[in-house]
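Please look through the sequence and the three-dimensional model before reading on. The report below is meant to be read beside them.

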Amino acid sequence: MNARDYAFSLLHAARLPGWSKIKFRPTKGPLDGRDRALGESIAAEVTKNLLLLRHAIRHYSGRDLKQIDPAAQVILSIAIAQLRYFDRVPASAAVDEAVEQAKRLKLGRAAGFINAVLRRATREPELPLPEETDVEAYARLALSHPPEFLRRLLKLMGQKQALLLCAKNNTEAPTIVRAGDTFKIGLRDGIEAKRHHQDGMWVVEGANEADFAKWSDAGTAQVQDPTSAMVVERLKLSKGLRVLDRCCGLGTKTLQIAERIGSKGVVVATDPSQFRIDRLNETLTRRKIENVTTKTVGMLDQMTIDAPFDRILVDAPCSNSGVIIRRPEARYRQDDKSLRSVLDLQRRILLDTVPHLAPGGLLIYSTCSIWPEENGEQVQWLIKQTDTLELLEADLTLPATSPEAIAHHDGGFVAVLRRREVA
């Protein structure tokens, strides 16, 4: 398998709109590290610029997308992305490789069509795009943000900031780690670390996966966004507490919690994904952390709970609307239907959780969403369902629009609720 076939497989797996029903059998064969990295980069650029690339296909082909085989659209998108965003491969090679890919995937006469479209794209690289004054069309075609997403952004942050955010979402997110003041000392050559505006956070350039794994295993540094890192602060942790981390994912916040409560404290971390729980267990074993118990469950009625928890973190599944820069595919799932589905799941998780919070205990509800329906409105709904919870504080963080890496932070929401003491 080469880089372009790998990119095709990634785009197929992402189930992007219009491409979800493509029948695809990945080609067999090994994939080396360089092809993997290139394939991932190509797939990311196609995902970020999907609507622009579809506009390009319509323009250069003179056809409506409904007349073009979806698999051919993917191949064209990969090739046009290479032509527009990558300079290592000559234009002629990108065209030839796309034609060969069409032949490998047995697309028949589509190979000739793909060749013709791409030849025109190389001759006419300037693509006609709407003016920025036509806000919705500009955001959709030039910045690849669907109208339903843009309309929500405009209500939340106004036109100027909304367009700045859309543009930033198409860039690469900086790599930020949570680490101590001495983190910069002793870093190997080639790695640069700059202090982030938020205390305890560093922007890192030049490090690889092995570096991050080494730092994580040693407890030196952990990859984490500043907005996410601040969620655990709201738990007001102390030594010896009993804490539930719901929807723990790979366990970044779980590790933060375990550090704060010490060896006499207890963390129970749950997640419905066996893959994520396995990864967390591997981390716990490498770091010799013994005060965390993991459970692969979606709802708490699937496990036995012996005692209530002093603190509960519900880092709920959400629309990911505050982290589009890291989850570019999520921009295409911000319609009302998609939101209704996630809202229902959030409510079921919250109702399933509250009975296990000790009197006087704190429940932290957090999302990486910026939409009111998933945040403040969910909290108010939960309070109405029970007379035992009171809201102490709630904060919405909008994603940073500044291009400076040291000022970057994702968007998100966090609310602190307390269960009233038994009279």
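## Basis of the report

This is a predicted model, in which local features need a pLDDT of at least 70 and side-chain atom pairs count only at pLDDT 80 or more, while totals for chains, interfaces and linings use all residues. Residues are numbered from 1 along each chain as its sequence is written, and side-chain values use heavy atoms, with hydrogens and water left out.

## Overall form

The secondary structure of the protein comes to 14 helices and 11 strands, where helices (H or I, at least four residues) and strands (E, at least two) are DSSP runs numbered from the N terminus. The radius of gyration of the protein is 24 Å, close to the 22 Å that the globule rule gives for 423 residues, so the protein is as compact as a globular protein of that length. Here the radius is taken over C-alpha atoms, and the globule rule is 2.2 Å times the number of residues to the power 0.38. Along its principal axes, the C-alpha trace spans about 75 × 50 × 40 Å.

Of the 423 residues in the protein, 51% are buried; buried means under 20% relative accessible area, exposed means over 50%, and partly exposed lies in between (1.4 Å probe, protein chains only). The accessible surface of the protein comes to about 20600 Å², and 49% of this surface belongs to carbon and sulfur atoms. Accessible areas come from the Shrake-Rupley method with a 1.4 Å probe, and for residues only the protein chains shown count as cover. Among the contacts in the protein with a separation of 6 or more, 72% are between residues 24 or more positions apart, a contact being heavy atoms within 4.5 Å.

## Nonpolar cores

A nonpolar core is a set of buried Ala, Val, Leu, Ile, Met, Phe, Trp, Tyr and Cys residues joined through side-chain atoms within 4.5 Å. The largest one has 41 residues, and those with the most contacts inside it are F8, L11, W19, V46, I78, I114 and L118. Two or more residues of this core are given by each of α1 (3-13), α2 (33-48), α3 (50-61), α4 (70-85), α5 (91-104) and α6 (110-123), and the largest share, 9 residues, comes from α4. Apart from this core lies another, of 24 residues, which includes V268, M303, I349 and A415.

Which residues does L11 touch, not counting residues up to four places away in sequence? They are L16, W19, A43, V46, T47, V74 and I78. A79, which is found in helix α4, is buried with a relative accessible area of 1%. With residues up to four places away in sequence left out, A79 touches A94, A98 and L118.

## Aromatic rings and charges

The structure holds 5 aromatic pairs; rings of Phe, Tyr and Trp (its six-membered ring) pair if their centres lie within 6.5 Å, and planes under 30 degrees apart count as stacked, over 60 as edge-to-face and the rest as tilted. Why is the pair of F183 and W215 called edge-to-face? The ring centres of F183 and W215 are 5.1 Å apart and their planes stand at 85°, so the pair is edge-to-face. This pair links distant parts of the chain, with F183 in the loop between β1 (175-179) and β2 (192-195) and W215 in helix α9 (residues 209-218), 32 residues apart. Both F183 and W215 are buried, and together with W202 and F212 they form one aromatic cluster.

A charge sits over a ring if NZ of Lys or CZ of Arg is within 6 Å of the ring centre and within 35 degrees of the ring normal. R152 lies over the face of W371, at 5.5 Å from the ring centre, and the charged end of R242 sits over the ring of F309, 4.3 Å from its centre.

## Residues with a positive phi

Most residues other than glycine have a negative phi. C247, although not a glycine, has a positive phi of about 55°; C247 lies in the loop between β5 (242-246) and α11 (252-261) and is buried, with a relative accessible area of 15%. N320 is not a glycine either and has a positive phi of about 65°. The loop that holds N320 runs between β8 (309-315) and α13 (336-353), and N320 counts as buried at 13% relative accessibility.
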